[in-house]
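Hi,

Here's the structure I promised to pass on. Have a look, and my notes on what turned up are below.

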Amino acid sequence: MFINVSSLNKSYTSGLVRNEVLKGIGMKLEKGEIGVILGPSGSGKSTLMNIIGGVDRADSGRISVDGVEISNLNDDQLTDYRREDIGFVFQFYNLIPNLTVGENIEVVSNISKAPLNMDEVLTAVGMQDKKRRFPRELSGGEQQRVSIARAVVKNPKLLLCDEPTGALDYQTSRSILQLLQQVNTKYGTTILMITHNGAIAAMANRVFKLRSGEIVEEVVNQMTIPAERIEW
Ligand SMILES: Nc1ncnc2c1ncn2[C@@H]1O[C@H](COP(=O)(O)OP(=O)(O)OP(=O)(O)O)[C@@H](O)[C@H]1O
């Protein structure tokens, strides 16, 4: 099992109030699969993803990714794990504004142990001809393509996407989902994606429905649907 999470708990305390955000989460995802975490605002989706990505730590429970027990790593090891093994894609792209498309990707490939070829990745996301543009000269969808290229160029074991289409219109969202599916097929990258949008679940191998910090339902799709056929 590529991702194996069990009995995961996380709470935040402010003053005297303790907010239990994750309550005994268990989930599994095989290598090369696409997983979707679906749930309403505040249900704990980002917290769960941040813990799997080594950005945050759980209070208790176990998380292993590709055989490595994340919960046992010290801070330096966790930084290495986050830097080398995980690609992140966010709702608001987070590109560096004063660097070109090519430079945004280069800063990541330069510090990666086994990066993919930058031009190949730029071509894969359809942005090869925009390599010398700055982020402000691109549409939202194009910026998201660049941010996917930046995450993919380090050849991560796991691509974590937090509402990757949250800021995009319908057609652009579908093309970004299609691109993520292509990345999954071309590079065999395991993808875990957060969304509010139930329709997106059809492209995932496994869907984890989160409510108030608990997985209330897990759906295994024997047949996934190509992103271009998803409608909402
Ligand atoms: N660093 C933090 N400190 C305190 N509380 C936090 C922190 N991070 C998250 N929370 C709380 O944990 C709960 C779950 O937040 P989380 O961001 O994981 O939810 P979500 O399902 O991703 O929501 P959304 O869809 O709105 O992004 C919320 O009540 C939030 O306020």
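**Helix α5 and its surroundings**

Helix α5 (residues 140–152) has 13 residues and runs 18 Å from first C-alpha to last, close to the 18 Å expected at 1.5 Å a residue (the expected span being 1.5 Å times one less than the number of residues). Helices (H or I, at least four residues) and strands (E, at least two) are DSSP runs, numbered from the N terminus.

Before going on: this is a predicted model, where local features need pLDDT of at least 70, side-chain atom pairs count only at pLDDT 80 or more, and totals for chains, interfaces and linings use all residues. Residues are numbered from 1 along each chain as its sequence is written.

α5 is mostly covered, with ten of its 13 residues buried (buried means 20 or more other C-beta atoms within 10 Å of the residue's own, with C-beta atoms placed from the backbone; exposed is 12 or fewer, partly exposed in between). Among them are Val146, Ile148 and Arg150. The cover includes β6 (86–89), α3 (101–110), α4 (118–124), β7 (158–162) and α6 (170–187), going by contacts (C-beta atoms, placed from the backbone, within 7 Å).

**The whole chain**

The chain has six helices and ten strands. Its C-alpha trace spans about 50 × 40 × 35 Å along the principal axes, and 38% of the 232 residues are buried. Of the contacts between residues at least 6 apart in sequence, 70% join residues at least 24 apart.

Cheers

Conventions:
Two residues are in contact if their C-beta atoms, placed from the backbone, lie within 7 Å.
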